[in-house]
Amino acid sequence: MKRDYKNGGYGSGQPTYNIMKKVMSSEVMSSDHEIKMWTPRTVVMVLFIMIAAAIALYRMVYGLGAATNMNDAYPWGIWLGFDLLGGVAMAGGGFTIAAAIYIFNWKKYKPIGRPAILTAFLGYLLAVIALFFDIGHPFRLWHPSIMWQVHSIMWVVAIHVILYTTTLAIESSPMVFEKFKMPKVLTFLKRYMVWAVIFGCMLSTLHQASLGAVFLIAPSKMSPLWFVGSFMPYMFLISAIAMGLAMVSTESIISAKAFNHKIDNEIFFGLARGLLTTLIIYLIVKVYYLITTNSLGVAFNGSMPSMMFLLEMGLGVLLPILLLANRKMRTSLNSIAAVNWLVIIGVLVNRMNVCIFSIEDYNTTVAGASYFPSAMELLLTLGLISLGVVLFKMAAKYLPLFKY
Amino acid sequence: MAINRRDFLKVSAGSGLLLASSVSLADAAPKPLSSDAVGILYDATLCIGCKSCMVNCKKYNSMEGGALYNEDGDVPYEYSPDRIYDAPANLSGKTLNIIKAYRNGTGLNKDQAEDGFSFVKNHCLHCVDPACVSVCPVGALIKDPVTGVVSYEAHKCIGCRYCQVACPFNIPKFEWDEPSPKIVKCQLCHHRYAEGKYAACCEFCPTGASIFGKVVDLQEEAKKRLSLKPGEEYAYPVKRVDSGETMTQKVPHYTEKVYGLTEAGGTQYMLMAGVPFDKLGFNPRITDDAYPDLTWKYIKKVPILIGALLVAGTVTHFITRGDDKES
């Protein structure tokens, strides 16, 4: 149960073979008792979770109108635009890393495989919780599973969520079976894991794309800054991959620091290169669409949606590309960490823009209504984020999360 | 891990099945207008803004089977605390139908865009191929194959509100204040057909501004009105296009368009006016596309994508497996 903290690993900038060998020989303990559960920050987060639980109860008793500021002009607020769409985008790291390890056989990324898949699982879990409280009849959430509607993109999305959340649970389950020492189940799982991964990657790719396709139906309401026609599904997919890479990288950097785990820096450099490529593709497709539809001018007309668009593209796409294009930046953990946050915030803003700000022009000219989230909407969101962080921390403490 | 022939066959069979399922999906084409489809023709030039249609819409839809029915049987304007007539500004969970007014400049001339005014009646247009029906994940919104009426089955609805996002005309409304909410929209009084009745807004329209009838007849009537010379007299049908009751009026200057003939793939509620329709609150960005096609183009690709991604994933896994051994 001894680990070498002095050589290599986080911050040293140089991978150390010895460390890798030790880690690979699975000398890492199966659960980490060095992680202190009840730090002041965790106490605050648990408090947020309790507040969110109380709000959730209030929403169940008094309804959506009492708890939220959503209205007929803005039927989808931040619970969908931020919690659900953001949670699912956050999960993009799961299938990206799983594909890298199992499908492309880039074994270098194995050390971040478990955290990436766990993040995806938590992202989906939070998305499903948000959805549960957001829909008008939470206890009918299961309806799509028996009331098939193949022509409904929302039904396609619902089936994907059910199947993919299950697949993610299976992909994360080896940690649990290791913890409770069930070698037979483990052997069985390991033998078939690659099929679960291939199936999961297919589901997740399609689910990310289908979430974008949800908005294909609203061309006459959405701003051309975000309604990109038949590119819609693919823009969601590309940005989810970007957010996934940034998320996995960030959380590995943080947990390496916080939980004192050693992760080869080459992994972060590789993720940063992947992020750069993804963002460049995103930028090219976006600019191409804006030029071909003659809507580049809308981005600079000074309206609220145009500001949000510039914020999203400038902070989340352009600046990260400029930073990562510099080789020095791309190979420094501190600047990678900063860029990761820019991308994460950028994609979250993008999801809210697509869901909320893109119909602002329509609503002010045609429907005449406005929306700003209520305190309860914001607090429930805060509680959900806290829940994600606390669950991740518990997994790091009690499960062999950083073993592979 | 090792792959054997059985595993490989299983995967191939799986993707084969999924590919096969795409064939049956490809058959779901947009539905044509039924010859027995019913609808409404609203002529803004005949409307005097009395709002009789609004009051009677609420009254008759609060009866059993109506879109505003609740267990108490109260009419929405009766359960306001002071029990006085409500004057809604918009469609809502309590209002299926609303008369709005356009006004410009001095507002003196009826049915003129400049220095004039016009009324307009908003409610569900009952699209020939409705976006709301296509997007509902549980089939809570349904289009009657004969009458073409788009109605709502509350017990299926999960309350996701995708219909509100999808409807280009912004029609479905949600009962935000209810712990057990419903989507509320005009269902063309389909609960009254069995007793030989029809849409209340048409039955109680005193001027024939709203008339009920078969969509084919209404389209005929609308085209006839457009072909009339402004200033000549015409016997406008009242209540129903085939009621036989008429009211003779001077033909006004119509905007050269019947709204609803082609919009969003065609609708069963059609409007005529003297003022351009974008000035009456209709979103000019609405195209003539049948909106369900927009998502269907993507959905029909999904089964093929499933198969392609599974095959691509499997193939890539085996091609790159050698790299594993080297490391």
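In helix 6 of chain B of this predicted model, the buried residues are B:V215, B:L218, B:Q219, B:E221 and B:A222. Because these residues cover an arc of only 160 degrees around the axis, they lie on the same side of helix 6 of chain B. The face turned away from this buried side carries the exposed residues B:K223, B:K224 and B:S227. Cover for the buried residues of the helix comes from elements of chain B that include strand 1 (38–43), strand 9 (210–214) and strand 12 (269–272).

Strand 9 of chain B, one of the elements covering helix 6, is itself largely enclosed by the rest of the structure, since 5 of its 5 residues are buried. Strand 9 of chain B pairs with strand 1 of chain B in the antiparallel sense, over 5 bridges. Within strand 9 of chain B, B:K214 is the residue opposite B:V38.

The contact between the chains draws 48 residues from chain A and 58 residues from chain B. On the chain B side, at least two residues each are supplied by helix 3 (131–135), helix 4 (162–166), strand 7 (173–174), helix 7 (292–299), helix 8 (302–319) and helix 9 (321–326). Helix 8 of chain B gives the most, with 9 residues. By residue class, the side of chain B that touches chain A consists of 31 nonpolar, 17 polar and 10 charged residues.

In chain A, helix 9 (residues 183–213) has 31 residues and, at 1.5 Å a residue, should span 45 Å; its end C-alpha atoms are 42 Å apart, which agrees.

Most residues other than glycine have a negative phi. Two residues of chain A with positive phi were examined. A:K181, which is not a glycine, has a phi near 50 degrees and is located in the loop between helix 8 (153–179) and helix 9 of chain A. A:K181 counts as exposed because it has 8 C-beta neighbours inside 10 Å. For A:N294, also not a glycine, phi is positive at about 60 degrees. A:N294 is placed in the loop between helix 11 (265–292) and helix 12 (304–325) of chain A. With 9 other C-beta atoms within 10 Å, A:N294 is exposed.

How values were computed. Residues numbered from 1 in each chain as written. Chains lettered and ligands numbered in written order. Predicted model: local features only at pLDDT ≥ 70, side-chain atom pairs only at ≥ 80, totals over all residues. Contact = placed C-beta atoms within 7 Å. Helix = DSSP H or I, 4+ residues; strand = E, 2+ residues; numbered from the N terminus. Nonpolar A, V, L, I, M, F, W, Y, C, P; charged D, E, K, R; others polar. Buried ≥ 20, exposed ≤ 12 C-beta atoms within 10 Å, placed from the backbone. Arc of directions from axis to C-beta. Expected span 1.5 Å × (residues − 1). Pairing = 2+ DSSP bridges.
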